[in-house]
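User: Hey, could you walk me through this one? I'm new to reading structures.

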Amino acid sequence: MAPAPDSVPGTTPVPATAPARAPSAAHSAFVYRPTADPMTAATWTQRRVLVTNLRALYGRAYPRLIGLRREPSWLFFEVLLPFLTTSAFVFVYRALQAPPEYIGFVVLGGAMTAFWLNVMWMMAAQLYWEKDQGNLDLYFTTPISLMSVLFGMAVGGLLSSCLRASIVLVVGSALYGVSFAIQDWFLLLAVFFLTLTALYGLGMVLASLFLLFGREAWHLSQAMQEPVYFVSGLNFPVGQLGMLGALAISLIPLAVGLDAMRQLAFSGSDAHTGTPSPGVEALMLVAMTVVFIGFARFMLKRLERMAREQGKLSVRGG
Amino acid sequence: MHEDAVSATNLPPAIDMRGVRRIYKAKPNPVTALAGIDLHVEPGESFGLLGPNGAGKTTLIKILTTLLLPSEGTARVFGYDVEHQTQNVRRIMNVVSGGETSGYGLLQVREQLWMFSQFYGLPARDGWRRVDELIEAVGLTEQQHQKVSSLSTGQRQKMNFARGLLNDPWIFFLDEPTLGLDVSAARSVRELVKQWKAAVPGRTVLLTSHYMAEVDELCERLAIVDRGRILAIGSPAELKHRVQAESIFRLELDRLEGGPRALAGLPGVVSAVTPTDDAGAAADRQTVRVNLTLADDSALGSVVIALGALGSHIVALQKSEPSLEDVFVELVGRGFDAEEAAAHATGLPPQPSVPPPPAEDREPAEVA
């Protein structure tokens with residue numbers, strides 16, 4: 001967030017007769033942090049700006065984490081139902097007597113589906129939904145960057161999706177007897193982390209676009225869901241798609257990340273022909289992260305300006 | 001100016017708007033929401049904006065709370081430009097609107113307030129402590145563990161009020177804060193506003209309302225707004241004086257030798273007459289009623305002395321004042337009711353009976 005100018009033209013700060021703020025016990029609820037005058041209250045250090053934005057991030061993640069505990073229906077809709085799809089592919093591969101690592105590919109893809117669902121259906125629609133609830137206006141009136149709010153949504157969604165993904169991975173691996181062959185743990189974890197940063201960076205971009213284009217973007221997202229699932233290679237190695245797979249890898253963080261993770265988690269498998277090495281894919285993910293988060297930041301600044309100019313982006317129903 | 005403001009004379013104006021216009025693009029013609037507003041509010045004042053729906057009150061508040069940009073003109077809050085020094089403004093103000101349904105239904109009241117405390121950078125433990133204090137202050141202790149979605153309208157507005165105080169604002173914008181509340185809940189919200197303001201000198205309130213009595217009760221000064229223009233500014237007493245220069249008293253006496261004419265010639269008495277609605281009832285009653293119009297309140301002393309000399313005893317004395325609604329009618333030429341009736345006559349009900357179409361299906365409302 002750019003530092004706000006702190007000077008107030010034409011005034012002398014802290015006048016001798018400035019109102020003294022002496023809290024009394026009777027009024028303690030109505031007096032929190034006594035400041036000598038409004039100018040002192042409005043002047044923040046860079047450190048305070050940063051700390052406030054970090055706290056806002058945590059604050060916005062909080063409802064997601066509470067929701068995880070308070071609304072257990074996610075176990076059914078976001079774990080059990082996707083797990084059935086994963087299981088279906090496991091049985092297909094078994095019936096076709098595919099190499100055993102294919103079962104692992106499907107289980108890994110099923111685990112990563114949790115993140116993709118979270119980005120597509122929670123993250124992307126979040127700002128639009130916040131506007132509809134009347135929250136977006138309130139966010140705009142607080143002294144934080146909207147990026148903190150988006151990061152908070154991302155972190156909250158990411159933590160809850162991690163839990164869902166872990167359940168699918170552990171249960172799926174145990175149930176279907178997946179055996180991993182990991183040679184480079186460090187790179188695997190790095191790729192996993194980079195996949196998430198790039199994916200949630202994309203989610204932040206989508207959130208801005210959804211707010212800007214509203215229902216049209218929602219329809220587009222619905223229309224694109226299955227094609228994106230397909231080219232992401234959630235249930236098969238994306239290299240099997242040839243040129244289309246290569247294109248998907250260059251555009252979709254999930255496709256890149258999943259391919260790299262499969263290469264690293266099942267080393268020695270010959271199912272990865274036609275895709276870059278995990279190291280190259282990790283670099284692609286770094287680039288995607290930078291581009292997506294940078295673009296999201298640009299979009300949010302632009303959106304806030306448009307909201308203030310046009311008066312329709314933040315206003316509920318407007 | 002309020003006495004709190006006197007101690008803060010070295011501060012910049014709490015609100016300083018100059019030539020502010022705001023135009024929304026709309027089909028078939030652009031809508032001018034604010035048509036050149038000049039407004040000056042001192043630190044420590046409680047200032048009201050009174051006007052019917054569509055007068056421009058909310059647009060004005062949205063500009064001051066950094067949600068909208070003016071199409072023309074400048075607006076400053078405690079010296080900070082709302083367009084260019086946005087973050088400074090946001091650090092010292094807060095806003096609560098009537099009918100606000102913000103937040104997350106699955107959170108409890110305490111959790112929701114704590115979440116908002118984080119947006120103002122309160123340390124986590126401080127945040128919980130502050131939330132607990134505010135919950136107690138606004139009277140939501142029993143509901144603190146209740147889900148937000150289960151609160152009544154009045155309870156919800158108390159929670160919104162607590163949210164608005166989390167950051168200890170220097171200026172508090174209240175946009176129709178008691179809209180839709182019952183009498184008791186509305187009174188409770190007004191009391192909270194008074195208590196909050198009284199706690200620290202220099203705190204400023206800008207209140208918009210179309211409830212005359214609310215503005216009269218809470219505000220030291222007010223502006224009457226209609227169709228994007230300020231028609232008059234002053235204290236409630238000053239504005240009432242505009243429509244009624246003289247003082248009018250209703251007197252009830254045990255007897256009056258010579259009738260009202262006995263008072264008519266006294267110094268400062270403009271007229272003394274029997275109320276027109278009293279003629280039939282007078283015969284059944286043992287008292288005498290007189291409508292007394294005085295040049296000013298000070299003439300009342302000579303009337304009381306004269307009544308003593310005439311052997312009359314005052315049974316009741318009531319000063320008759322115009323209401324802010326009288327002021328509004330005088331300035332605008334119609335009442336608030338007429339405004340709403342006109343809306344009905346044109347087939348535009350104030351609240352749609354069916355849900356509005358999705359935002360994308362409506363006419364865009366963009367600035368010119």
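Cores and helix contacts

Analyst: The largest nonpolar core has 167 residues, and Met112(A), Leu150(A), Leu64(B), Val77(B), Leu134(B), Ile171(B) and Leu206(B) touch the most other members. A nonpolar core is a set of buried Ala, Val, Leu, Ile, Met, Phe, Trp, Tyr and Cys residues joined through C-beta atoms within 7 Å. Buried means that 20 or more other C-beta atoms lie within 10 Å of a residue's own; exposed means 12 or fewer, partly exposed is in between, and C-beta atoms are placed from the backbone.

User: Which helix gives the most to this core?

Analyst: Helix H4 of chain A, residues 101-133, gives the most, with 18 residues. Helices (H or I, at least four residues) and strands (E, at least two) are DSSP runs, numbered from the N terminus.

User: Is this predicted or what, and how do the labels work?

Analyst: This is a predicted model, where local features need pLDDT of at least 70, side-chain atom pairs count only at pLDDT 80 or more, and totals for chains, interfaces and linings use all residues. Residues are numbered from 1 along each chain as its sequence is written, while chains are lettered from A and ligands numbered from 1 in the order in which they are written.

User: What about chain B overall?

Analyst: Chain B has 14 helices and 15 strands. Of its 368 residues, 45% are buried. Among contacts between residues at least 6 apart in sequence, 74% join residues at least 24 apart.

User: New topic: is Pro267(B) buried or exposed?

Analyst: Pro267(B) counts as exposed, because it has 10 C-beta neighbours inside 10 Å. Pro267(B) sits in the loop between helix H10 (261-264) and strand S12 (269-273) of chain B.

User: What is Pro267(B) in contact with?

Analyst: Ala299(B) and Ser302(B), leaving aside neighbours within four places in sequence. Also, the C-alpha atoms of Pro267(B) and Val303(B) are separated by 8.6 Å, and these residues are 36 apart along the chain.

User: Now helices. How do H2(A) and H4(B) cross?

Analyst: The axes of H2(A), residues 46-70, and H4(B), residues 109-119, come within 6 Å and cross at roughly 155°. That makes H2(A) roughly antiparallel to H4(B); angles under 35 degrees count as roughly parallel, over 145 as roughly antiparallel, 65 to 115 as roughly perpendicular and the rest as oblique. Axes are lines fitted to C-alpha atoms, for helices over the stretch in contact, and angles run from 0 to 180 degrees between N-to-C directions.

User: And which residues make the contact?

Analyst: Among them are Tyr58(A), Tyr62(A) and Ile66(A) of H2(A), with Met115(B) and Phe119(B) of H4(B). By class, the contact of H2(A) with H4(B) has seven nonpolar, two polar and two charged residues. Here Ala, Val, Leu, Ile, Met, Phe, Trp, Tyr, Cys and Pro count as nonpolar, Asp, Glu, Lys and Arg as charged, and the others, Gly among them, as polar.

User: What about H4(A) and H7(A)?

Analyst: H4(A) and H7(A), residues 185-213, pack at an angle of about 35°, with their axes 8 Å apart. The residues of that contact divide into 15 nonpolar, three polar and one charged.

Key:
Two residues are in contact if their C-beta atoms, placed from the backbone, lie within 7 Å.
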